[in-house]
Amino acid sequence: MTRTCHYIEYWIISFFLLIPFSAFSEDAEVKGTLFDASLKIPVEMATVRLSHLPDSTFISGTASDKDGLFKLSGLVPGKYFIHITYLGYQSVYKNIEIKALSDRVDLGRLVLYSADTQLKEAVVVGKQPGVMVNNDTLEYSPTAFRTTKNAVIEDLLKKLPGVEIDEEGKILVNGQEITQVMVDGKEFFGNDPKVATKNLPVDMIERLQVVEKKSDMEELTGIDDGNRQYIINLKVKRDKKRGVFGTALAGGGTQEKYEANALINKFSKETQLTVLGGSNNTNNMGFSDMLKGIPSQVAAQASQAARTGRGIMRTHMGGVNYADRYLDGKMKLNGNIFVANFNQDESRSLYRENFQTSGFNTLHRNQWNNNKSTQFRTNWKWEYQIDKKNRLYFRPNIVLGDGNRKEWADYRTLKGDTMLLDSSYVDYWAKEKNYYLQGTLSYGHNFDKRGRNFSVDISGTRSNTNIIIRLRTKVSI
């Protein structure tokens with residue numbers, strides 16, 4: 001039996017002529033003004049953090065402006081507390097409650113008192129804060145959280161407040177899913193955060209930032225199109241931006257378990273080059289499902305098995321990530337190539353006795369399946385600033401995959417433990433090939449009048465999946 005899923009092809013061309021207009025938010029907001037108690041002057045750059053009650057989940061943060069004013073918007077009904085801090089002042093806490101989206105909570109004038117204490121003798125030991133809010137950026141300092149010498153970014157994330165990693169490996173920061181990891185503001189292996197979090201060492205980064213990233217169209221036009229994403233940006237230590245550095249780890253265990261990986265980086269002011277590779281049989285894929293958007297049964301079943309820990313997964317992978325600037329910074333190129341091969345085996349056996357008034361029946365079931373797949377992915381981002389008013393973006397994305405699945409099962413029911421009542425046999429084999437091609441070309445022009453611009457976005461997608469299935473069954477009663 002052969003089943004072919006024909007490709008789907010579509011092209012979208014969008015034109016926008018954008019003229020500024022006023023928008024009125026219907027979300028609740030909180031504001032206030034900070035003043036020095038003794039000098040009677042505004043306090044600028046004080047940190048204001050809003051957290052949810054009763055679990056203290058961080059919601060939003062900002063800093064006071066030159067007039068001491070701060071404002072937090074985009075809030076929903078609930079109970080919160082505000083924590084205001086500034087070096088040399090006593091911390092301020094305020095509990096607030098927002099009952100409706102239309103609420104505008106004005107805390108008025110908040111007075112900050114000096115925290116000066118006169119000491120006869122003191123030894124001052126500085127400790128870098130673990131978490132800071134810098135405007136719309138949430139920053140974590142890795143040195144404030146204890147990790148092992150060879151820890152990777154995922155190990156650090158598990159220790160950070162407000163960060164969760166769910167059963168599927170998704171990263172959530174204060175409830176927001178992280179869709180990408182960047183290194184010094186440059187994309188790292190596309191939209192697969194796991195490649196970075198499972199392979200990059202903690203030792204190479206100075207700061208871990210959580211930011212809201214603008215879409216390509218918003219960067220072109222300056223107009224919020226509602227397609228922002230939450231991403232992690234890793235700030236690399238200065239001494240790691242010179243020369244070549246890397247890590248290599250290998251280990252073995254009982255039942256012939258092994259895991260090995262290597263990472264080599266060459267960073268400079270503008271250039272980033274990373275080469276990584278790994279092999280293991282510990283169910284650590286080291287990446288997410290690269291066949292997003294393609295109906296790949298083999299990849300989906302193997303990925304689910306790896307997440308749940310079923311069977312034995314052997315994974316081999318390698319990739320290259322590259323980013324650089326050309327023409328005095330007018331042209332930027334950022335992309336990656338990634339190849340992975342995995343082989344997953346799973347065996348199950350069941351023996352069960354069912355007791356009845358007339359005796360008992362025995363059920364025997366043996367099942368085995370194997371999934372093999374090789375995946376290739378490459379995606380790039382090319383940006384060219386033609387002049388001050390014109391800019392081009394081009395994003396090609398290619399995914400190729402093939403795989404096969406084998407499954408065998410044998411069922412038998414016996415009366416007592418000797419007399420055969422019924423039996424069945426299943427032999428399943430499937431082979432698939434697929435590809436996914438996608439590209440987007442964007443152009444933006446800014447007019448002389450501020451806020452007016454023109455943009456065009458052309459995108460196309462082509463995909464195909466071909467599946468060949470062979471099924472043999474036998475039932476005896």
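**Cavities, pockets and cores in a predicted model**

The largest cavity holds about 70 Å³ of space. A cavity here is a set of points, on a 1 Å grid over the protein atoms alone, where a 1.4 Å probe fits but cannot get out; grid points are joined across faces, edges and corners, and a volume is the space filled by probe spheres set on the points. The structure is a predicted model, in which local features need pLDDT of at least 70 and side-chain atom pairs count only at pLDDT 80 or more, while totals for chains, interfaces and linings use all residues. Residues are numbered from 1 along each chain as its sequence is written, and side-chain values use heavy atoms, with hydrogens and water left out.

By this rule, the count comes to three cavities of 30 Å³ or more. Lining residues are those with an atom within 4 Å of a point, and the largest cavity has 11 of them, with Glu259, Asn261, Asn280, Asn284 and Met317 nearest its centre. Strand 18 (258–267) and strand 19 (272–280) each give two or more residues to this lining; strands (E, at least two residues) and helices (H or I, at least four) are DSSP runs numbered from the N terminus. By class, the lining of the largest cavity comprises two nonpolar, seven polar and two charged residues. In this scheme Ala, Val, Leu, Ile, Met, Phe, Trp, Tyr, Cys and Pro are nonpolar, Asp, Glu, Lys and Arg are charged, and the others, Gly among them, are polar.

Pockets, by contrast, are open sets of points with protein on both sides within 12 Å along at least five of seven lines. The second largest pocket has a volume of about 960 Å³. It is lined by 27 residues, of which Ile59, Ser60, Asp136, Glu212 and Tyr230 are the closest to its centre. At least two lining residues come from each of strand 4 (58–63), strand 5 (69–75), strand 10 (137–140) and strand 15 (205–213). The lining of the second largest pocket divides into 10 nonpolar, 10 polar and seven charged residues.

Attention now turns to the packed interior. In soluble globular proteins, nonpolar side chains tend to be buried together. A nonpolar core is a set of buried Ala, Val, Leu, Ile, Met, Phe, Trp, Tyr and Cys residues joined through side-chain atoms within 4.5 Å, where buried means under 20% relative accessible area, exposed over 50% and partly exposed in between (1.4 Å probe, protein chains only). The largest such core has 36 residues, and Tyr140, Leu200, Leu208, Ile232 and Leu234 have the most contacts inside it. A second, separate core of 21 residues includes Leu34, Phe70, Leu72 and Leu75.

Some individual residues are also worth a look. Asn199 sits in the loop between helix 2 (193–197) and strand 15, and counts as buried because its relative accessibility is 10%. A polar atom of the Asn199 side chain lies 2.7 Å from the backbone oxygen of Val195. Arg348, in strand 21 (residues 331–356), is partly exposed, with a relative accessible area of 43%. The C-alpha atoms of Arg348 and Gln367 are 5.1 Å apart, although the two residues are 19 apart in sequence.

Most residues other than glycine have a negative phi. Lys40, which is not a glycine, has a positive phi of about 60 degrees; this residue is found in the loop between strand 2 (28–36) and strand 3 (47–52).

Notes
A polar contact is a pair of N or O atoms within 3.5 Å; within protein, one must be able to donate a hydrogen and the other to accept it, and residues adjacent in sequence count only if both atoms are side-chain atoms.
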